[in-house]
Amino acid sequence: MEVNEDPGPIDSHVLYDQDNHVSSAIWNGQERGVLRCHEHTSMLDQWKLTPTQIKLVEKAGFGYLRLLPPMSLDNALIAALVERWRRETNTFHLTVGEMTITLEDVALLLGLAIDGEPVIGPISAPSSVCEKLLGRVPDDLNGGMVKLTWLKEFFSEYPEDAPQEEIERCTRAYLLYLVGSTIFSTTTGNKVPVMYLSLFEDFDKAGKLAWGAGALAFLYRTLGNASLKSQSTISGCLTLVQCWSYSRLNVGQPKFNQETDTNCFPYVLKWRGKTGTRTKCNVLSYRKALDSLNPCDVHWLPYKDMDYTIIPEDIKSSLILRASRTMLLCFDKAERHLPDRCLRQFGMHQTIPKDIERWERKSRIVDHGIDLIGKMDLAVKQWSERWHTIAEGGDIVDEDRYMQWYQKITRKFIGRVTSSLESQYQRTVTAMREIASIADLVSTEGLDSYNAELLNGVKNIVHKCLTDQIDETPKDKTTKKGSRKRRQNIEECE
């Protein structure tokens, strides 16, 4: 038996792009399976820095991000969260209301600055930037991007008696590698745009940039792209997405074998990958959990009991910006930060948020010689006014009115709910879960790129097949129409 209630929105003035959203395809039986997640934290700890380099990295604003622990991504959990992300509002639309990853989350989980100059700079010819700041140019610079493996090969080590210039070049290469494998990871998998390198020319100036705001702008854009039914991959800082979910939702959290250390900064270290275990689920299971989320399943204030004395003063003093309704920038990307839609995350009562104007995200061609600051002057102006646009909460009555309003403008369900599956399908699903669990336990550490890619391919195929099997029904198995439908779904997932 299927639940065929209209999932909404009843009033489409907020979620006006519903037809392009992945939830429309899923409701019509077109599963896309597990998203391919691109992030590369597993190799960060293999790049050893000298004390001199660490000081330069800290000066540039990445003293805490470099501590980011290698973390096994739960692709199915991320995929289920993306199904509820809406790029119209830059929020997750959950049954309990809207929630989002805010500047506060970036500051406390990653230890990145959320105040300062916007992450935007001159766009010069990639080859000249590499020559000037690294002292060498890679053979392959297609699309203005450099391979992460090339950076590691030529700059991860240098002689003990190396001159200061060489030390700074190697440190810039590390910083480019760091942001390219974490906060600015791309769907190319192993490349990073050279344009970020220009921001590391002067380490002191780099340290005055709002890297946390830039990381969040980039992540909002990638979440929005991944929420479209035509997409099958996602990039950006997915460790942040996963740890945000662990911190706030009782869905998919790892079970720790020992008490976790809450007196650590940045707080992402609490979730370091090798201190606990979890049983990974598939997208359908996570989707069902999110579709039935209750207020008691949400930790609205996950940082309330943390030790604030260990937070750096510059980050602590800027945390008021967590509620700033402003524009976030990362080179050609400008994204709205709308905390007035998620006031309960700051201990306030939620009111009906302001209407937001529809806006089209422009795809600007980032080429050398372009004056991005001039082209994005309005977004830069909004960021400059960030301290004057702090949102305020309402009272309990407002929150009741908010929930009544929210039920009309949101998407209530993602997938159709069925009463049961036949035993043969249950056995198939159980077997596939066991295969998925074994595949996820195998580490790519020590494998060459070819075999690592093969292993990751096996993992993705297993999770995809698992999702496809769950969504098949006996009727599909016995009718030609069902067979055609399954073939169509597989083709669209691929």
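Trainee: How many helices and strands does the protein chain have?
Mentor: The protein chain has 19 helices and 11 strands. Both are DSSP runs numbered from the N terminus: helices are H or I with at least four residues, strands are E with at least two. One caution: this is a predicted model, where local features need pLDDT of at least 70, side-chain atom pairs count only at pLDDT 80 or more, and totals for chains, interfaces and linings use all residues. Residues are numbered from 1 along each chain as its sequence is written, and side-chain values use heavy atoms, with hydrogens and water left out.

Trainee: What order do the strands take in the open sheet of 3 strands?
Mentor: The order is 2-3-4, with antiparallel pairing. Strand 2 (85-86) and strand 4 (97-99) are the edges, each pairing on one side only. Pairing takes at least two DSSP bridges between two strands.

Trainee: And how many bridges join strand 2 and strand 3?
Mentor: There are 2 bridges, in the antiparallel sense; strand 3 covers residues 91-94. Trp85 has Phe92 of strand 3 as its bridge partner.

Trainee: Switching topic. How many disulfides turn up in the whole structure?
Mentor: The search finds 0. The test is a pair of cysteine sulfur atoms within 2.5 Å.

Trainee: Is Cys330 buried or exposed?
Mentor: Cys330 is buried, because its relative accessibility is 1%. Cys264 is buried too, at 9%. Buried means under 20% relative accessible area, exposed over 50%, partly exposed in between, with a 1.4 Å probe and protein chains only.

Trainee: What share of the protein chain is buried?
Mentor: Buried residues are 54% of the 494.
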